[in-house]
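This report describes where selected residues lie in one protein and what surrounds them. Please keep the sequence and the structure in view while reading.

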Amino acid sequence: MTTSAWTLEKDRLPAFLETLRGEHRVVVPRRVGLSDVVFDDYSPGVPIPLDYVNTELPPKDLFFPRRETLFEVQGGTAPALAPPPPEKPVALFG
């Protein structure tokens, strides 16, 4: 079994996350208040804390949402059921 590893320099992180945003929903840690850290969607220019220990909530809700859209009703006089639009896969950084 071969293992490969690579290092990403801090100054190249925004460009890497922007590349991921093309095909994924990118979720990163975000500082709220003085010391709380939560996972949130990536926004360019918003600093990403790299020095936190734990987040307030685990990222479980990203992979097992509490609510899920099963279908949508479309049309007026003759309504039809339509599947929801496909969601992008989640890329979690943190």
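A residue is called buried when its relative accessible area is under 20%, exposed when that area is over 50%, and partly exposed in between, using a 1.4 Å probe and protein chains only. The model is predicted: local features need pLDDT of at least 70, side-chain atom pairs count only at pLDDT 80 or more, and totals for chains, interfaces and linings use all residues. Residues are numbered from 1 along each chain as its sequence is written, and side-chain values use heavy atoms, with hydrogens and water left out.

**Accessibility of selected residues**

| Residue | Relative accessibility | Class |
|---|---|---|
| T55 | 18% | buried |
| I48 | 18% | buried |
| L62 | 19% | buried |
| D40 | 28% | partly exposed |
| P83 | 65% | exposed |

The elements named below are DSSP runs numbered from the N terminus: helices (H or I) have at least four residues and strands (E) at least two. T55 is situated in the loop between β2 and α2. T55 counts as buried because its relative accessibility is 18%. Contact here means heavy atoms within 4.5 Å. When neighbours within four places in sequence are left aside, T55 is in contact with V37 and F39. The side chain of T55 also reaches the backbone oxygen of L57 at 2.7 Å.

**The nonpolar core**

A nonpolar core is a set of buried Ala, Val, Leu, Ile, Met, Phe, Trp, Tyr and Cys residues joined through side-chain atoms within 4.5 Å. Which residues make up the largest nonpolar core? The seven are L13, L17, V26, V28, Y42, I48 and A91. Helix α1 (13-21) and strand β1 each supply at least two residues of this core.

Two members illustrate the surroundings. I48 is placed in the loop between β2 and α2. Apart from neighbours within four places in sequence, its contacts are L13, L17, V28, P29, Y42 and F93. Although I48 and R31 are 17 residues apart in sequence, their C-alpha atoms are 7.6 Å apart in space. Y42, with residues up to four places away not counted, touches P14, L17, E18, R21, V26, V28 and I48.

**The largest pocket**

On a 1 Å grid over the protein atoms alone, a pocket is an open set of points where a 1.4 Å probe fits, with protein on both sides within 12 Å along at least five of seven lines; lining residues have an atom within 4 Å of a point. Grid points are joined across faces, edges and corners, and a volume is the space filled by probe spheres set on the points. The largest pocket has a volume of about 470 Å³. Its lining consists of 20 residues, and R25, D61, L62, P65 and V90 lie nearest its centre.

β1 (25-32), β2 (36-41) and α2 (60-63) each give at least two residues to this lining. The largest share, four residues, comes from β2. Ala, Val, Leu, Ile, Met, Phe, Trp, Tyr, Cys and Pro count as nonpolar, Asp, Glu, Lys and Arg as charged, and the others, Gly among them, as polar. By these classes, the lining has 11 nonpolar, one polar and eight charged residues.

L62 belongs to helix α2. With residues up to four places away not counted, L62 touches R25, V27, F39, V90 and L92. The C-alpha atoms of L62 and E9, 53 residues apart in sequence, are 26 Å apart in space.

**Two further residues**

D40 is part of strand β2. Beyond residues up to four places away in sequence, D40 touches V26, V27, V28 and R30. A polar contact (a pair of N or O atoms within 3.5 Å, where one must be able to donate a hydrogen and the other to accept it, and residues adjacent in sequence count only if both atoms are side-chain atoms) joins the side chains of D40 and R30 at 2.7 Å.

P83 is found in the loop between β4 (80-82) and β5 (90-92). The C-alpha atoms of P83 and V73, 10 residues apart along the chain, are separated by 8.8 Å.
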